[in-house]
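Morning, everyone. One structure today, in a few minutes. Let me put it on the screen.

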Amino acid sequence: MPKPKKRDMRDIQKETLYREFSLSREDINEGARTVRLAFSSEEPVERWFGTEILDHSPKAVRLQRLNGNGPALVDHNPRDHVGVIEQVSIDSDRKGRAIVRLGKGARADEIWEDVLDGIRANVSVGYRIHKFEVDEPDS
């Protein structure tokens, strides 16, 4: 059996990473077809390179793409665009939140009904790390 290839820490900046969060039924606005959701936090996540903690200070997060009516995609597929991100912020609790509005097309209706029925109860965000720091463990 071949040995696993050792990865370079610079690979962190080359790949898209993902985090998953649950939807809260209280955050669904049926009339507006919107959902307010958390999409990121500073909670530690174990990765191939160690424990990842995302910095949510104002200068650490790039929100321009999301603030410019970023797409709401099904399973991160750019060909399955069902809505738009209407508002995005990093709140005082250092969590990223967004208001997502689903469209009225057939596919968006299908996803919206699944959200309302609690079938689609999780969302995920894809992101890239542009700058990182490595903290060495205390000896």
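From the N terminus, the elements of the protein chain go β-β-β-β-β-α-β-β-β-α-β. That comes to two helices and nine strands. Both are DSSP runs numbered from the N terminus: H or I over at least four residues for helices, E over at least two for strands.

A word on the source. This is a predicted model, where local features need pLDDT of at least 70, side-chain atom pairs count only at pLDDT 80 or more, and totals for chains, interfaces and linings use all residues. Residues are numbered from 1 along each chain as its sequence is written, and side-chain values use heavy atoms, with hydrogens and water left out.

Overall dimensions next. The C-alpha atoms fill a box of roughly 55 × 45 × 25 Å along the principal axes. Of the 139 residues, 30% are buried, meaning under 20% relative accessible area with a 1.4 Å probe, protein chains only.

Now the inside. The largest nonpolar core has 25 residues. By nonpolar core I mean buried Ala, Val, Leu, Ile, Met, Phe, Trp, Tyr and Cys residues joined through side-chain atoms within 4.5 Å. V35, L37, F39, A98 and V100 have the most contacts inside this core. β3 (34-40), β7 (81-90), β8 (96-102), α2 (106-116) and β9 (122-127) each supply at least two of its residues. α2 gives the largest share, five residues.

Take A98. Leaving out residues up to four places away in sequence, A98 touches V35, R36, L37, F39, I85, Q87 and V88. Contact here is heavy atoms within 4.5 Å.

Last, contact range. Among contacts between residues at least 6 apart in sequence, 64% join residues at least 24 apart.

Methods
Buried < 20%, exposed > 50% of the residue type's maximum accessible area, 1.4 Å probe, protein only.
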